[in-house]
Amino acid sequence: MLNSLRDLAPIILVIAFFQIFVLQQPPENVFSLMIGTLFVVMGLTFFIYGLEMGLFPIGESMAHAFARKGSIFWLLTFAFALGFGTTVAEPALIAISEEASEVAAEAGQIATNEEAMEAYATGLRFTVALSVGVAIVIGVLRILMNWSIHYMIMAGYIIVIIVTSFAPKEIIGIAYDSGGVTTSTITVPLVTALGIGLASSISGRNPMVDGFGLIAFASLMPIIFVLIYGILI
Amino acid sequence: MELIKELLSLFLETMLDVLPIAAIIFGFQFLVIRKPIPHLKKVLIGLLYVLIGITLFLLGLEQALFPLGRLMAEQLTDPAFIHGAESVVGAFDWRDYFWVYLFAFAIGMSTTIAEPSLIAVAIKAEEVSGGTIGTWGLRIAVALGVAIGIALGTYRIVTGTPLHYYIMVGYVIVIVQTFFAPKLIVPLAYDSGGVTTSTVTVPLVAALGLGLAETVPGRSPLIDGFGLIAFASLFPIISVMAYAQISEFRSKREKKKRRKEELRNTDRDRR
């Protein structure tokens, strides 16, 4: 509880400072503000408790179980399903793909009717979800094969730069943003626990070096896939 | 009453979001692994806590911080606030937007500190590194990166320069840093780019970007409003590696100093 309050203090300070000194107006209904802040503090406290009790252990125990089972096929299938499944229903992604369809319609890439826009938004959503699935698979393969993350990320950056120069201007901003919105509050702890669990159950892997990195792929791959989607459509 | 209704509907919504994840986990657990989950009861209670936590968190944000944050983003980007009472048509200077940059920096920093997914990764990082990477060190390094990223992103919207040049320069910095940063930190640094932007940061930052793109003359919200999140996920990579480089540099210097002192001491002893 106290920790959560400390986590939130900066936001409250920033808002208070700008309200009082810059905009110079008292905020309306202070009461509902305080109730809201209390909810946020309680929510954060619950979340962190649940994290250590539920999300982390289940991610790690599944990683151990897959490692013991020794079936790479099932592990990769699980990795893909986890990446795809957690992303396709992500509210932030649904919102951003709708906005993207508006941009595309405005730019004259697709027809400005409801149907075309919806088809575009759905296509984009599945593209991003697919890319996150592929990203987690690549990330898990990296842990298994002990590939170096440096060169993989660099190669990713180079692909992004090359694809950017062919992509229509309107899609670039959305593509770059889509890398950031895919990883939600539940996906991140789960995927992190999976990576660390895998790295610690395979001998010769250092969880610090090999366990992290899955999220990195999950936020780089959508950029590439969305840019390609923009070129193709 | 209204509040309880909203609480319930939010809880249902969160459940729906979590449903596919739960289906995947339990599906694989029962069909492929075919072993009971260890401490099943505890894990289920933990998952329930996560659900309750996210629900309360979102409800509180919707109640208190988001409306205020959005309102402030609107007010700060309002031309009447920026140019004073007399509105100058056409002529504007990027320096007029000083408060916007400062707000962008401050809101980026403070929302990142409270970001639940970053807290999760920081807890794991401290655990795995055996305490060498403290939760607060990592969180502050990431928050600084987001703050600088978003401030620069708002500057980009005001000046209207192309996004991909900034991103490419950022990539080059990341690649160069990768070669010099301590090997242990690199994967974690890459990850920290992705974890910064979720529940708290995205809505507030998006409001700021959209507000700016709407009010700055010559910008279209549809094209220029995007891109802030990209900045917020690139700059933490740089700042986390920089944090590791600085702490490595400092510990090296200290070691050197200690060795020198030791040498001096042994010299004196010999004499």
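Predicted model: local features only at pLDDT ≥ 70, side-chain atom pairs only at ≥ 80, totals over all residues.

Visitor: What makes the contact of B:Arg139 and A:Asp7 a salt bridge?

Guide: A side-chain nitrogen of Arg must lie within 4 Å of a carboxyl oxygen of Asp. For B:Arg139 and A:Asp7 the N to O value is 2.8 Å, so the contact qualifies as a salt bridge. The pair crosses between chains, joining helix H6 of chain B to helix H1 of chain A.

Visitor: Why is B:Arg139 called buried?

Guide: Buried means under 20% relative accessible area. B:Arg139 has 5% and is therefore buried; A:Asp7, at 3%, counts as buried too.

Visitor: How do you know that B:Glu127 is partly exposed?

Guide: The term covers values between the 20% limit for buried and the 50% limit for exposed. B:Glu127 has a relative accessible area of 49%, so it is partly exposed. Its salt-bridge partner B:Lys124 counts as buried at 2%. Shared partners join A:Glu60, B:Lys124 and B:Glu127 into one network.

Visitor: Why does A:Glu115 count as exposed?

Guide: Exposed requires over 50%, and A:Glu115 has 69% relative accessibility, so it counts as exposed. A:Glu115 belongs to a negative surface patch that also includes A:Glu114 and A:Glu118.

Visitor: What does the span of helix H6 of chain B agree with?

Guide: At 1.5 Å a residue, its 25 residues should span 36 Å; the end C-alpha atoms are 36 Å apart, so the two values agree. After this helix comes B:Gly160, whose phi is positive, near 75°.

Methods: Residues numbered from 1 in each chain as written. Chains lettered and ligands numbered in written order. Heavy atoms only, no water. Helix = DSSP H or I, 4+ residues; strand = E, 2+ residues; numbered from the N terminus. Expected span 1.5 Å × (residues − 1). Patch = residues over 30% accessible without salt bridge, like charges linked within 9 Å, V, L, I, M, F, W, Y side chains within 5 Å. Areas by Shrake-Rupley, 256 points an atom, 1.4 Å probe, with all protein chains shown as cover. Lys, Arg positive; Asp, Glu negative; His and termini not counted. Charge placed at Lys NZ, Arg CZ, Asp CG, Glu CD. Buried < 20%, exposed > 50% of the residue type's maximum accessible area, 1.4 Å probe, protein only.
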